[in-house]
Structure formats: C-alpha cells, structure tokens
Protein chains: 2
Amino acid sequence: MQSPVRQFDFFFDFTSPYSYLAAHRVDALAERHGARARWVPVLLGAIFKHTQALPLTALHPWKAGYSVMDFGRSARLLDVSYRHPTVFPQNTVSVARAFLWLQRTQPRAARAFALAAFAATFEHDQDIGRPDTLAAVATACGIDPQAMAAGIQDPEVKAMLVATNEEAAAKEVFGAPMCVLDGERFWGLDRLPHLDAALTEARA
Amino acid sequence: MQSPVRQFDFFFDFTSPYSYLAAHRVDALAERHGARARWVPVLLGAIFKHTQALPLTALHPWKAGYSVMDFGRSARLLDVSYRHPTVFPQNTVSVARAFLWLQRTQPRAARAFALAAFAATFEHDQDIGRPDTLAAVATACGIDPQAMAAGIQDPEVKAMLVATNEEAAAKEVFGAPMCVLDGERFWGLDRLPHLDAALTEARA
C-alpha cells in the first residue's frame, strides 16, 4: 500500500504581513519533506470575534510600532520585498472568496493568484479590497476578471469561506499564519522551523 | 583609541518562560560578536500596566493552551529542560531585587544565580516567589542567604528595580524577553536570530 502524501494546513489572511512572508516559504518547506501545504484562507476579523484579540491598529503604540518595524525586518532577513501598505488592514472577503473559487474551478492558477494578490498589497501598496485592484490582479494572472467577479458572488463560494473560518475555529486557530499538522499548531512565520522539525521527526 | 565593547540590553522577567530559554542563549550570542549582554530584570506586571496587555492566565484558552505547549516545544528544540511550573505566574519582585543586589555587590555571582533561579522555577517546579526557595537557591550558589534577604530590603536595591522598569518603559519594552541594541528592539526568543543578524551587520 502506498502511503498517502503527508499534508498540513496553512491558514492565512491576505491582509496579514507574516502570512504574506510565510506564503513564500510553506510550499518549499512542504516539498523538502515530500509533503503538501493545503492553503486555507481565513478572515482574522472572524477569528478575533472568537478570541477577543485586537487588530494591529488597536494595539498599544509601543507594540504597534514594533510590529510594523518587525514586518520589514523579517522580510529583509528572508530577502522578500516588503512595503507596509497605506491601507491597513484591508478587507479580504472578496480576495479570499476569489481564491476559493479558483481552487475549485482552476486549481493550478490558485497559488500564483494568491502570491500576486499578496504582492499587490505588500509590494505595490495597492488595496486588494478594491474590486478594480482584484480585477487587475486576475487579468495579470490570465484569469477572466468577470468570471471571477461572478464567482465571488456565488452562494456556494460564500459558503466555502464561512466553512474555512469554522474549520479554523474548530482547530483553535487564533491568529495567522497558522499551520496545523496532525492537530499540532504552529503559529507565525517564526514557527516554520518548528514545523520543519516536526515533519523531520514524523519521517524518522 | 580602542573601540568600546558593543553591548545590548537583555530585559527579562524571572517568571517568563521564553526569558528562561533566552537566558541560555544571550551570552553565547554576544560572545560570538565580541559583544556583551547587559542583563536587566523587569516585572512584566509593571510593564503590562503601561500597555494594558494580559498575562498568560487571562488569555483566551486557545492561545493560552497553545502558549504552554509552545514553551515545551521551543525548549525541546533548544535542548533545554522545561517543566511548566505549577505556580504560574510567580511573584518575581524578590528574585529580581536579589539579582540587582548581586550585580552591585558580587557581580561575578549574578549570572549563575539567575540561571539557578530560572532552573528552580522551570526545571524543578519550585516557586521562586517563596523566601525559602530563594534562600535555598542562594545557598546552592555559595551566597549568604541572610545577607541576600537584607539586600532585598535595602531601599537602594528597591530603587534599582523601580529604575529598571522605568528604563524599560523609556525604551518602549512591552514584553519579555526583549533585547535592545542601539535603540532597536528584538522581542522574544524567536528574534535572537534577528539580533544576531543586526550584530553581524554592525561589524561589517
């Protein structure tokens, strides 16, 4: 019997800077272990309703200022471009639905679209919450923007995003990015080395 | 003119698990760069009064449970013993004052005492907030426990702990462990690699 491909969840929000940075790493990490990262978009706003956590903009200024500095510093250490967006946080309901619609209808296009959407926000200082930005990203990825706009309004696609947030709550996901491997949570860009170690142990 | 030894602050609280883990790393990190870690005890309770942050025990259970798990996981990856203390958090006013008293009167004994106090809490499940635990740690380190008890009550030593907390606030320290190098903050065990990179850049 062939063993199934090992898989971990990669919960992310398109407006989360550390999600953006982790998105550049999780697939390579998975590949090193012959595993697969399952990309699951969520809305931090929905998650924070469960946990009563505060968004960055509501944090004490000592911590908020540190965080913005640390986004840039972490990006430099990973050699990834980062420009803190003028609009922050952004409304990611539509881009998350667009990603889920792509996963269902054109799965091979989904990752490239996600990375392009992240780049629009965190490299080119655009607001992915705007329909015109989203359409431009789709077009640049060879995706029909009108079909995508219709997909975003599809009740089944809307239900998929409700479902990913419910799955996150069931797995006690309280932030993003968060990877989950066999029920074990790895919160933040800085816990990818811990996930790497867990995948190594699992193979040994 | 000889260049002065480069130095960074290591703000820590004796009841902070990641401070305990970082305490096993900061001196070696500093030495690799010919630099010096200046150990500065603070009280997270005093810091959280500034920032309105919540202690671990007041966090949402999804996050609190994750944190306790992550303390042990992080320790395993560093190959450091860790047992989550039955009494948590602990009152660290006396142990912090004892450390400051040692820094002034027997500076060579201070680091070993700090590591022994951390070990009492995070390896041997003792409560460093109890006078008998503190006295036993002192004795084991060859320090006169009665002289230490008197030192803890010395108004000048009490003022030193007020001063370290004020210094932390002035440097916008909002958590522990936090290292500060030339005004740049590095929060958490997981930012020691960032500090390492900053010290490398500074030498280059």
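Tutor: Strand 1 and strand 2 of chain A pair in the parallel sense over six bridges. This is a predicted model: local features need pLDDT of at least 70, side-chain atom pairs count only at pLDDT 80 or more, and totals for chains, interfaces and linings use all residues. Residues are numbered from 1 along each chain as its sequence is written, chains are lettered from A and ligands numbered from 1 in the order in which they are written, and side-chain values use heavy atoms, leaving out hydrogens and water.

Student: What makes strand 1 and strand 2 of chain A a pair?
Tutor: Two strands pair if DSSP finds at least two bridges between them. Strand 1 and strand 2 of chain A have six bridges, so they pair by that definition. In this pairing, Q7(A) stands opposite R36(A) of strand 2.

Student: And what counts as a strand or a helix?
Tutor: Both are DSSP runs, numbered from the N terminus: helices are H or I with at least four residues, strands are E with at least two.

Student: How do you know that strand 1 of chain A also pairs with strand 3 of chain A?
Tutor: Three bridges join them, and the two run antiparallel. F10(A) has C179(A) in strand 3 as its bridge partner.

Student: Which strand does strand 3 of chain A pair with in the antiparallel sense over four bridges?
Tutor: Strand 4 of chain A. There, V180(A) stands opposite R185(A).

Student: What is the strand order in the open sheet?
Tutor: The four strands of chain A run in the order 2-1-3-4, with mixed pairing.

Student: Why are strand 2 and strand 4 of chain A said to stand at the edges?
Tutor: Strand 2 (36–41) and strand 4 (184–187) each have a single partner strand, so one side of each has no neighbour in the sheet. From one strand to the next, the twist averages 25 degrees.

Student: Why is strand 1 of chain A called mostly covered?
Tutor: Five of its six residues are buried. Buried means under 20% relative accessible area, exposed over 50%, partly exposed in between (1.4 Å probe, protein chains only).

Student: What does R25(A) touch?
Tutor: L78(A) and L192(A), not counting residues up to four places away in sequence. Contact means heavy atoms within 4.5 Å.

Student: How many residues of chain A are in contact with chain B?
Tutor: 26 residues of chain A are in contact with 26 of chain B.

Student: What area do chain A and chain B bury between them?
Tutor: About 2500 Å², with 61% of it on carbon and sulfur atoms. Buried area is the accessible area (1.4 Å probe) that two parts lose on being put together, summed over both. In chain A, W62(A), Y66(A) and R191(A) lose the most area to chain B, together 29% of what that side buries.

Student: What makes the meeting of D70(B) and R191(A) a salt bridge?
Tutor: A salt bridge is a side-chain nitrogen of Lys or Arg within 4 Å of a carboxyl oxygen of Asp or Glu. The N to O distance is 2.7 Å here, so the pair qualifies. The count between chain A and chain B is six salt bridges.

Technical notes: Axes fitted to C-alpha atoms, helices over the stretch in contact; angles between N-to-C directions.
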